[in-house]
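Good morning, and thank you for making time for this item.

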Amino acid sequence: MWRLAVGPVAVLTLSVALGSDRAEADHADHGAVEFSIRSINDGRWSDAATWLPARTPKAGDRVLVSRGTTVEYDVANRDVLRLIQVVGTLSFARDRDTELNVALLKVQNSDTCSESGFACDFRHKTTGGEPLDAPAGSLPALLIGTAEQPIPAQHTARVRLHYLEGMSRDDAPAIACCSARMEFHGAPLERTWVKLADDAKPGQSQVVVAEAVSDWRVGDEVIVTASQRGTGSGSYRTREGKASKAQTETRRITAIDGQTLTLDKPLQFTHAGKGEFHSEVANLSRNVMVESAAPDGVRGHTVYHRFSRGGISYARFAHLGKEGVLGRYAIHFHLVGDTMRGSSVRGAAIVDSHNRWITIHGAQYLVVRDCVGFQSVGHGYFLEDGSEVDNLLDHNLGVQAFRGKRLPNQVLPFDENEGAAFWWANGRNTLVRNVGCENDQYGFRYDMRRTSGFDPVLPIVQADGSKKPVDVRTIPIGRFDDNEAHTSFAGMVVAANGGNQPDVPIEDQRTLEQIRKVDWTGPDTRHPHVIRRFTIWEAHYAFRPHSPAMLIDGLRIARATYGVYRPALENHVYRDVHFSEIGAEPFNRGMDDASAQTGSITVDGLTIDDFNGGNQRHPIVHMSDNDLSGTSESHFRNVVWKNDNGRRPVFNRGGSVRVDPIVPTSVPYFVHDFFGAGRHARIVSTKAKDLLADGKQYRSLPPLTGDESVVAEVTGVQWPQLLQESDDVPPATIVLSVASEGERLMVRGVSHDNGEIAAVEVNGKPAELLAAASGVVDWQATLEVDSEGPIIAFARDEAGNIEQTPHRMPREH
């Protein structure tokens, strides 16, 4: 018989009758009740012959899909099951609409099952419920479509999660996968989100998109993202009857004519589609859906645990996430390490989450592409504890990550969970072609610090697969290319330990010592943080590079109050910076009100389109007063400004607070070749007594200088080389699919790198590189079906680094 031990946690115990793969309950002191029903044959859910007793599951049942059986879920049933434990295979029908209503759905390679919606039910597990051993044999499987055979577009598959009394509100309802296979795959979309191709104005009911969306359908729910930031520092979240100031609008499609979409009601706001900056249109509808049945009640969550397999494509996860509860997220990869290499989330829509969109925790080699996240409490796309490496986030859209609260017992105590579309703490991950829009705080935030309660020295996976203690602050952001942030309070923050820097002017020895004590540990000049081709528009604070050793190669900022704000100016290299319509502080002095630099910077290419919003106290470039290293300099060249308003200087002492320098050395500024080839402008503050005493002929030269800056012509000044970039990091390769095509196997995957991929090899043969952009390469390779051994794939980059830990995949995977 089947028995369920009940108590604080109810545990299913399977008797000898179920075979030798049984496990005893670890709650043996609890009383037992009968387990309702189990599968005894392969068959349809709707067929009584599939089950013992010989009936179909009914409301309140605890259902076991037994080991060795395959059940096809072929019904749309509103009865709410208490629990389904999948030890065999539960596969959703592809020829009809299906609906499952359940409190707990657990897919795990264990003959023991509890009513915990999070922890795995294994004898050999950690205290947190994580499995310790890889499973042997075939895996239990929940198949709501597969990547090769998704649920067809003409049908839907829906799972609705219900809370039932007697369960833990922190754990249930839930879908959990423990050392098993779990798949959610809807009909593919060629594009899940696109840019507008024309302005959409208030009162219009049509929008024109920039790319074809022929597989979008009438009735689909879409959002049209904001083009103007509609709030100050408050939240976009609608709560307690208070209307949101958000300008992202939700509509349904009523007609599609080429690239013109007709919406169910007129738009209320203007959405940009002409010129340089464009809003997005994103599709939130999918034909595979996982959702909480009571969004205003107890919400559900989903989780993959270690040694699991599977993935998600073109599915919708709605109204999930438990607000304020650690680990209960809409989609969660929990401490899976590299055991889920090959898994991906592609084209998913995560809508109205109360706790994250997608969380990658203690994991490597995961791929998240083409997803849409809309409305999350706390950060959206979230890499949780700083140990995560070699993950790829490519071409995802994140809209309206709301301000949350710190979660109880969160790993990184300094994270305030303020609402970033993308948040990560280890630079060895790839983020490219993503957009963060209308978030309460940040489009993007990288953050790693040492605090009194947290040591950033963590065991980090190395190139050879071993683990080594590393101060994570020294790991550079290796690949952050072609990303965009708009209509959020802040575009991006790179926060090293200097995130703890007090924002105070250096007025006396006490405040000077406060600044000197800031721990600026970061990457070195051979391995700097690298930001390439980053666009920020409609922000309050645009870009805060609060770490030493940075290469910012291509930075476009428009319509912001602050441009480069509160920078940690030490070995910063900027190239091709372009400002338009920046308010008080386009290029802030070092450490803002502290007005201090600890090293030198170079800016090669600075274009300023206009001088609006400034005055003598708010120039384009705010000059740092205090040189804390004794050798700091700031070098500029190829500086172009347009539309001089006659009031705003380019270089001047600035800021609402001006305090005379307190240290004996000041920071000189150079504009190379300003007066002609080899004739440079040396600009100094009128308060820089040490620099003014150098015997040079200084003068005022508006608008280059302001009321507290002067310039002299100098020669013989060399352009400094602050960074000595070295690429010694190998690529990361992920096999995404293996499919039989006649007598051959078609292997497809992706490789990514901080440099450029030169070649990918699969079982000794070169792969065909299909597409390459931003350090990411999609590839395919053809193998013989009857060849033996595992599939082994690895990449080499143009610097000669060869991947030391290839992706090894058994052919039967």
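Arg 328 lies over the face of Phe 118, 4.0 Å from the ring centre. The term requires NZ of Lys or CZ of Arg within 6 Å of the ring centre and within 35 degrees of the ring normal. Another case is Arg 306, whose charged end sits over the ring of Phe 307 at 4.9 Å from its centre.

A word on the basis of these values. This is a predicted model, in which local features need pLDDT of at least 70 and side-chain atom pairs count only at pLDDT 80 or more, while totals for chains, interfaces and linings use all residues. Residues are numbered from 1 along each chain as its sequence is written, and side-chain values use heavy atoms, with hydrogens and water left out.

I turn now to the aromatic residues. The structure holds 28 aromatic pairs; rings of Phe, Tyr and Trp (its six-membered ring) pair if their centres lie within 6.5 Å, with planes under 30 degrees apart counted as stacked, over 60 as edge-to-face and the rest as tilted. Phe 534 and Phe 543 form an edge-to-face pair, at 6.2 Å centre to centre and 75° between the planes. Phe 534 counts as buried at 1% relative accessibility, and Phe 543 likewise at 1%. Here buried means under 20% relative accessible area, exposed over 50%, and partly exposed in between, with a 1.4 Å probe and protein chains only.

Next, a sheet. Six strands form an open sheet with antiparallel pairing, in the order β17-β22-β19-β20-β21-β18. Strands are DSSP runs (E, at least two residues), numbered from the N terminus, and two of them pair if DSSP finds at least two bridges between them. Which strands stand at the edges? They are β17 (193-195) and β18 (206-208); each has a single partner strand, so one side of each is left without a neighbour in the sheet. Three bridges join β18 to the antiparallel strand β21, residues 260-263, and Val 207 stands opposite Leu 261 in β21.

Finally, Val 639, which is placed in strand β52, residues 634-641. Val 639 counts as buried, at 17% relative accessibility. Beyond residues up to four places away in sequence, Val 639 touches Leu 606, Ile 608 and Val 671, where contact means heavy atoms within 4.5 Å. The C-alpha atoms of Val 639 and Gly 605 are separated by 5.7 Å, although the two residues are 34 apart along the chain.

Terms used
Helix = DSSP H or I, 4+ residues; strand = E, 2+ residues; numbered from the N terminus.
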